[in-house]
Amino acid sequence: MNKYQYKVQGVDYDVEIEEVEGNVAKVVVNGVRFDVELKQPINPASTLKKVRVEAPKTVARPAVAPAAAPAAEKPAAAGTGQTIKAPLPGTITDVKVNVGDTVKQGDVVLVLEAMKMQNNIESEYSGTVTSITVKAGESVMEGSVLLTIG
């Protein structure tokens, strides 16, 4: 496995190339696995060090099964419930809720800055915040779990 560090528009990315087979590279970017389709096949043994990382033509996202909803009578355990994920890469500028807060569908739970624009991230669910996995100033990738609502 080859590990690399890149900075794109001021955001740091840790990239691990796990395997290259034909024109598909299996990579992990900041802990998220991707299958990247290359424009042309490469021989990983002889040319991997010469590969220039470009924007992938297509990216297959890992399938994530939805979490089961907790029973209504019991309080949700920390980190259980439905996840709110980053809709695009950016930087968290404000977390509007705390663990234990009750939120309704449509409530703004945090603010994500992407491409110099402030994006209000709204809760897709009603419930209690069971975990928050980000803090203000932190950079996130598209699809990163931001918080969980049980």
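The model is predicted, so local features need pLDDT of at least 70, side-chain atom pairs count only at pLDDT 80 or more, and totals for chains, interfaces and linings use all residues. Residues are numbered from 1 along each chain as its sequence is written, and side-chain values use heavy atoms, with hydrogens and water left out. The chain has 1 helix and 13 strands. Helices (H or I, at least four residues) and strands (E, at least two) are DSSP runs, numbered from the N terminus.

**Overall make-up**

- Along the sequence the pattern reads β-β-β-β-α-β-β-β-β-β-β-β-β-β.
- Of the 150 residues in the chain, 26% are buried. Buried means under 20% relative accessible area, exposed over 50%, and partly exposed in between (1.4 Å probe, protein chains only).
- The chain exposes about 9800 Å², and carbon and sulfur atoms supply 52% of that area. Accessible areas come from the Shrake-Rupley method with a 1.4 Å probe; for residues, only the protein chains shown count as cover.
- Among contacts with a separation of 6 or more, 46% link residues 24 or more positions apart. Contact means heavy atoms within 4.5 Å.

**The open sheet**

- An open sheet of 4 strands runs in the order β10-β9-β7-β12, with antiparallel pairing. Two strands pair if DSSP finds at least two bridges between them.
- β10 (117-122) and β12 (139-140) are the edge strands, each pairing on one side only.
- β7 (residues 90-95) and β9 (residues 108-114) are antiparallel and joined by 4 bridges. Thr 91 has Glu 113 in β9 as its bridge partner.
- β9 pairs with β10 over 6 bridges, again in the antiparallel sense. Here Ala 114 is partnered by Met 117 of β10.
- The β9 and β10 hairpin has 2 residues between the strands, and Met 115 takes a positive phi near 50 degrees.

**Buried sites and cores**

- The largest nonpolar core has 15 residues; Ile 92, Val 109, Leu 110, Ile 121, Val 140, Leu 146 and Leu 147 touch the most other members. Such a core is a set of buried Ala, Val, Leu, Ile, Met, Phe, Trp, Tyr and Cys residues joined through side-chain atoms within 4.5 Å.
- β9 and β13 (145-149) are the elements that give two or more residues to this core.
- Another core, of 12 residues, lies apart from the largest one and includes Val 15, Ala 25, Val 36 and Met 141.
- Beyond four places in sequence, the residues that Leu 146 touches include Ile 84, Ile 92, Leu 110, Ile 121 and Val 140.
- Ser 123 sits in the loop between β10 and β11 (127-132). Its relative accessible area is 3%, so Ser 123 is buried. Its contacts beyond four places in sequence include Val 103, Gly 106, Val 109 and Ile 149.

**Salt bridges**

- The whole structure holds 2 salt bridges. Each is a side-chain nitrogen of Lys or Arg within 4 Å of a carboxyl oxygen of Asp or Glu.
- Glu 18 pairs with Arg 33, with the closest N and O atoms 2.2 Å apart. Glu 18 lies in β2 (residues 11-21) and Arg 33 in β4 (residues 32-37), so the pair ties together parts 15 residues apart in sequence.
- Lys 96 and Asp 94 form a salt bridge at 3.1 Å, N to O. Lys 96 is partly exposed at 47% relative accessibility, and Asp 94 is partly exposed at 30%.

**Confidence**

- The average pLDDT is 77, and 72% of the residues score at least 70. pLDDT is the predictor's confidence in each residue, from 0 to 100.
- Residues 46-51 stay under 50 in pLDDT, and the model gives them 8 contacts beyond four places in sequence.
- Where pLDDT is low, predicted coordinates should not be read in detail.
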